[in-house]
Amino acid sequence: MIRARRWEQGLGNPRAGTKRMAHHHVEHILTNPRLVGYRTYHGEILTGDGGEPIKG
């Protein structure tokens with residue numbers, strides 16, 4: 001949804017000469033568990049003994 005809206009607005013299209021972030025960079029930022037505060041190892045969220053994510 002966010003990626004489609006950015007595309008409709010003409011944002012993040014390097015061929016149009018813009019220097020804004022590409023859609024895959026925005027997608028990575030929005031889905032990155034480390035930016036929420038969870039610890040990860042090789043891309044997987046680390047969990048504690050009770051199964052809850054470990055905050056770092």
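Guide: Quick ground rule before we start: helices (H or I, at least four residues) and strands (E, at least two) are DSSP runs, numbered from the N terminus. By that rule, the protein has 2 helices and 2 strands, in the order α-α-β-β along the sequence. This is a predicted model, where local features need pLDDT of at least 70 and side-chain atom pairs count only at pLDDT 80 or more, while totals for chains, interfaces and linings use all residues. Residues are numbered from 1 along each chain as its sequence is written, and side-chain values use heavy atoms, leaving out hydrogens and water.

Visitor: Why is Ile 2 called partly exposed?

Guide: Buried means under 20% relative accessible area, exposed means over 50%, and partly exposed is in between (1.4 Å probe, protein chains only). Ile 2 has 40%, so partly exposed it is. You'll find Ile 2 in helix H1, residues 2-8.

Visitor: And what makes Leu 46 partly exposed?

Guide: Its relative accessibility is 30%, so Leu 46 gets that label too. Leu 46 sits in the segment after strand E2 (44-45).

Visitor: How do you know which residues Leu 46 is in contact with, leaving aside its neighbours within four places in sequence?

Guide: Contact means heavy atoms within 4.5 Å. On that count, the partners of Leu 46 beyond those neighbours are Arg 39, Thr 40, Tyr 41, Glu 52, Pro 53 and Ile 54. As for Gly 56, 10 residues along the chain from Leu 46, the two C-alpha atoms are 9.9 Å apart.

Visitor: How much of the protein counts as buried?

Guide: Of its 56 residues, 11% do.
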